[in-house]
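Please look over the sequence and the 3D structure shown here before reading the notes. They are written for a reader who is new to protein structure.

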Amino acid sequence: MKKKKLIIAIVEGTSDQYALDDLLNQLTSDLIDVKFAIVRGDILQQDGVTNNNILSRIKDHIEQYLNIHKLKRNDILSIIHIVDIDGVFLDENKIIHKDD
């Protein structure tokens, strides 16, 4: 049997994984397995992340994932980054700010 290739989906948290796992695996073939790399928050907004180092930060997360799961780079078909857009289209008059 041919070894499955992996799509690694970078997501913020476990709720993203739970919401997307079945759907993404249904959308892929039997020769592709979707795995999740959870970065615990928005990787683009983490301390010290800039336009100049974002690619190396993502690479570091992927390398760590590969090491933990004993995978090789050639096991990967693709890497996707799924971001959520919580409130991005919310009208400003719907946002309530409290000073306390």
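The briefing below goes from the whole chain to the sheet, the helices and a pocket.

The model is predicted. The secondary structure of the chain consists of 2 helices and 3 strands. Read from the N terminus, these elements follow the pattern β-α-β-α-β.

**Overall dimensions**

- The chain has a radius of gyration of 17 Å, whereas a compact globule of 100 residues would have one near 13 Å.
- Along the principal axes, the C-alpha atoms fill a box of roughly 60 × 30 × 20 Å.

**The sheet**

- The 3 strands form an open sheet in the order β2-β1-β3, and their pairing is parallel.
- β2 and β3 (76–81) are the edge strands, and each has a single partner strand, so one side of each has no neighbour in the sheet.
- On average, neighbouring strands of this sheet are turned by 20 degrees against each other, with direction ignored.
- Strand β1 (residues 5–11) and β2 run parallel and are joined by 7 bridges.
- Isoleucine 7 has valine 34 in β2 as its bridge partner.

**The helices**

- Helix α1 (residues 14–27) lies across β1 and β2, and its direction makes an angle of about 170 degrees with β2.
- Helix α2 lies across β1, β2 and β3, and runs at about 125 degrees to β1.

**The largest pocket**

- A probe the size of a water molecule, rolled over the atoms, shows where empty space is left.
- In this model, the largest pocket holds about 160 Å³ of space.
- Which residues line the largest pocket? The lining is made up of Ala37, Ile38, Val39, His61, Gln64, Tyr65, Ile68 and His69.
- By class, 5 of the lining residues are nonpolar and 3 are polar, while no charged residues take part.
- Both β2 (32–38) and α2 (54–68) supply at least two residues of this lining.
- Which element gives the largest share of the lining? The largest share comes from α2, with 4 residues.

Definitions and conventions
Residues numbered from 1 in each chain as written. Predicted model: local features only at pLDDT ≥ 70, side-chain atom pairs only at ≥ 80, totals over all residues. Heavy atoms only, no water. 1 Å grid on protein atoms, 1.4 Å probe; cavity = no way out; pocket = protein on both sides within 12 Å on 5 of 7 lines; lining within 4 Å. Points joined across faces, edges and corners; volume = space filled by probe spheres on them. Nonpolar A, V, L, I, M, F, W, Y, C, P; charged D, E, K, R; others polar. Pairing = 2+ DSSP bridges. Axes fitted to C-alpha atoms, helices over the stretch in contact; angles between N-to-C directions. Contact = heavy atoms within 4.5 Å. Rg over C-alpha atoms; globule rule 2.2 N^0.38 Å.
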